[in-house]
Amino acid sequence: MTDDASVAGEPDTQALDDLLDDIFRAQERVTQAEIYRRAVAAELPPDLLARIDALPEGEYAVDEASDLLGGSIA
């Protein structure tokens, strides 16, 4: 059952990783609000939007955002 969960979660992780890679391409730190705006524009799934919305306000480096949101970008 664990294998099924990781496979089912894989597209979400990829979508999140792609979003973070795009957002942080030219910036070292980005606000929670900007990450959320870009996620909405990218039409990410509601579960990812909820995770991003739950981040405390502030600025994040890519590794911080990835760690908090469950992505795999380091």
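This is a predicted model: local features need pLDDT of at least 70, side-chain atom pairs count only at pLDDT 80 or more; totals for chains, interfaces and linings use all residues.
Local features require a pLDDT of at least 70 and side-chain atom pairs a pLDDT of 80 or more, whereas totals for chains, interfaces and linings use all residues. Residues are numbered from 1 along each chain as its sequence is written, and side-chain values use heavy atoms, with hydrogens and water left out.

The protein contains four helices and two strands, taken as DSSP runs numbered from the N terminus (helices: H or I, at least four residues; strands: E, at least two). Along the sequence these elements follow the order α-β-α-α-β-α. Of the 74 residues, 30% are buried; buried denotes under 20% relative accessible area, exposed over 50%, and partly exposed the range in between (1.4 Å probe, protein chains only). The accessible surface amounts to about 4700 Å², with 51% belonging to carbon and sulfur atoms; such areas come from the Shrake-Rupley method with a 1.4 Å probe, and for residues only the protein chains shown count as cover. Among contacts (heavy atoms within 4.5 Å) between residues at least 6 apart in sequence, 57% join residues at least 24 apart.

Side chains of opposite charge can pair when their charged atoms come close. A salt bridge is counted here when a side-chain nitrogen of Lys or Arg lies within 4 Å of a carboxyl oxygen of Asp or Glu, and the model has eight of them by this rule.

R29 takes part in two of the pairings described here. With E59, the closest N and O atoms are 3.9 Å apart. This pair links distant parts of the chain, R29 lying in strand β1 (residues 29-31) and E59 in strand β2 (residues 59-61), 30 residues apart. E59 is partly exposed at 46% relative accessibility, and R29 is likewise partly exposed at 39%. The salt bridge between R29 and E64 has an N to O distance of 3.3 Å. It again connects distant parts of the chain, from strand β1 to helix α4 (residues 62-69), across 35 residues. E64 is partly exposed, with a relative accessible area of 32%.

A local pairing occurs in helix α3 (residues 46-53), where D47 and R51 form a salt bridge at 3.9 Å, N to O. Because D47 and R51 are four residues apart in this helix, about one helical turn separates them. D47 is partly exposed at 36%, as is R51 at 34%. Elsewhere, salt bridges with shared partners join D21, D22, R25, E34, R37 and R38 into one network.
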